[in-house]
Amino acid sequence: MDSGRKVIVQSNWKMHKTHAEAVAWIEALGRAAGAIPGERELIVCVPFVHLRAAALAAAPHPVLSIGAQNVHWAPAGAFTGEISAAMLADAGARYCVVGHSERREHFGETDERVNRKIRILLTHGIRPIVCIGESLAQREKGLTLQQVKRQVAVCFEGLMSAEMERTVVLYEPVWSIGTGISATAPQAQEAHRFAREAIAATYSADAARAVRIIYGGSVKARNVSAIMAGEDIDGVGVGSGSLDVGEFVEIVKRSCPNR
Ligand code: PGA
């Protein structure tokens, strides 16, 4: 059944690429994307320093959107080394990843901070891509769905239904990120369905129907079609599999936009 939700294929370069490499990658994706049939949105989340150049390179290709990988929660202030939502919008970011598990692990990001970051992004017209997902220990203890429910409750607390609709949820089991071990299609579908039901219970049926929930964690060209089969899976987030633009184009082609 067609959900009516436009498929997202998101790339997160993490801390990779020089300026020249960044521009060449986006130009190559722009050239290739025009020839791939089907409707989808391609979101490329780049390091801060490449935002403006990436947005310029993406401008001739409406299918491409540029995103950032983090933001500070305050509008402005004495936060040396940080970047505000206003700066991101000014540099051309239309999306921003928040709560990535690497930021949670290495930089102390909490669900409460994620909530503040979501709010400031929405204020500046940037759509948040909100990462949630369980650790291996939580999965082994049977706590996966509890973790999904808790993160949905805390990260999105206080949002209005229309704001919820503008966010993207990126379900990324921590044990699958950068490990080469992706969740199976049924594992991913179960978590996505559960997250959508939690959103329906807290917000509205409309918000749950509209919000896009995408899967991340070791997505490659070889496994993307299987993962996309679940009806609550609205796209994929790709890290290491997107550093090479050829592999990413292959993932886009196999992302089943007409399901
Ligand atoms: P990965 O990273 O594709 O390398 O597992 C995914 C992510 O961090 O979004």
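Predicted model: local features only at pLDDT ≥ 70, side-chain atom pairs only at ≥ 80, totals over all residues.
Residues are numbered from 1 along each chain as its sequence is written, and side-chain values use heavy atoms, with hydrogens and water left out. Helices (H or I, at least four residues) and strands (E, at least two) are DSSP runs, numbered from the N terminus. Buried means under 20% relative accessible area, exposed over 50%, and partly exposed in between (1.4 Å probe, protein chains only).

**Charged pairs**

- Side chains of opposite charge can pair when their charged atoms come close.
- Glu 102 and Lys 14 make a salt bridge through their side chains, at 2.8 Å from N to O. That pair ties together distant parts of the chain, 88 residues apart: Glu 102 sits in helix H4, and Lys 14 in the loop between strand E1 (7–12) and helix H1 (19–33).
- Glu 102 counts as partly exposed because its relative accessibility is 27%.
- Arg 212 and Glu 41 also meet in a salt bridge, this one at 2.9 Å from N to O.
- Arg 104 pairs with Asp 111 in a salt bridge whose closest N and O atoms are 2.6 Å apart. Arg 104 and Asp 111 are both buried.

**The network around Asp 234**

- Which residues are linked in a network of salt bridges? Arg 5, Arg 193, Arg 196, Glu 231, Asp 232 and Asp 234 are.
- Asp 234 lies in the loop between helix H11 (224–227) and strand E8 (235–238). It counts as buried because its relative accessibility is 0%.
- The side chain of Asp 234 has a polar contact of 2.8 Å with that of Arg 5, and another of 2.8 Å with that of Arg 196. For the record, a polar contact is a pair of N or O atoms within 3.5 Å; within protein, one must be able to donate a hydrogen and the other to accept it, and residues adjacent in sequence count only if both atoms are side-chain atoms.

**Strands**

- Two strands pair if DSSP finds at least two bridges between them.
- E2 and E3 pair in the parallel sense over four bridges, and Gly 67 in E3 is the bridge partner of Cys 45.
- Strand E3 (residues 64–68) is mostly covered, with five of its five residues buried. Leu 64, Ile 66 and Ala 68 are on one side, Ser 65 and Gly 67 on the other.
- Strand E4 (residues 95–98) runs parallel to E5, joined by four bridges; Val 98 has Val 130 in E5 as its bridge partner.
- E5 also pairs with E6 in the parallel sense, over four bridges, and there Cys 131 has Leu 170 in E6 as its bridge partner.
- In strand E5 (residues 127–132), five of the six residues are buried.

**A buried tryptophan**

- Trp 175 lies in the loop between strand E6 (168–171) and helix H9 (185–202). Trp 175 is buried because its relative accessible area is 14%.
- The C-alpha atoms of Trp 175 and Ser 101 are 9.9 Å apart, with the residues 74 apart along the chain.

**Pocket and cavity**

- On a 1 Å grid over the protein atoms alone, a cavity is a set of points where a 1.4 Å probe fits but cannot get out, and a pocket is an open set with protein on both sides within 12 Å along at least five of seven lines; lining residues have an atom within 4 Å of a point.
- The largest pocket has a volume of about 530 Å³ (the space filled by probe spheres set on the points, with grid points joined across faces, edges and corners).
- That pocket is lined by 24 residues, with Lys 14, Met 15, Gln 69, Arg 103 and Phe 107 nearest its centre. Helix H4 (residues 101–107) gives the most to the lining of the largest pocket, with four residues.
- There is one cavity of 30 Å³ or more, and the largest cavity holds about 130 Å³ of space. Of its 17 lining residues, Lys 14, Glu 172, Gly 237, Val 238 and Gly 239 are the closest to its centre.
- E1 and E8 each supply at least two residues of the lining of the largest cavity.

How values were computed:
Salt bridge = Lys/Arg side-chain N within 4 Å of Asp/Glu carboxyl O.
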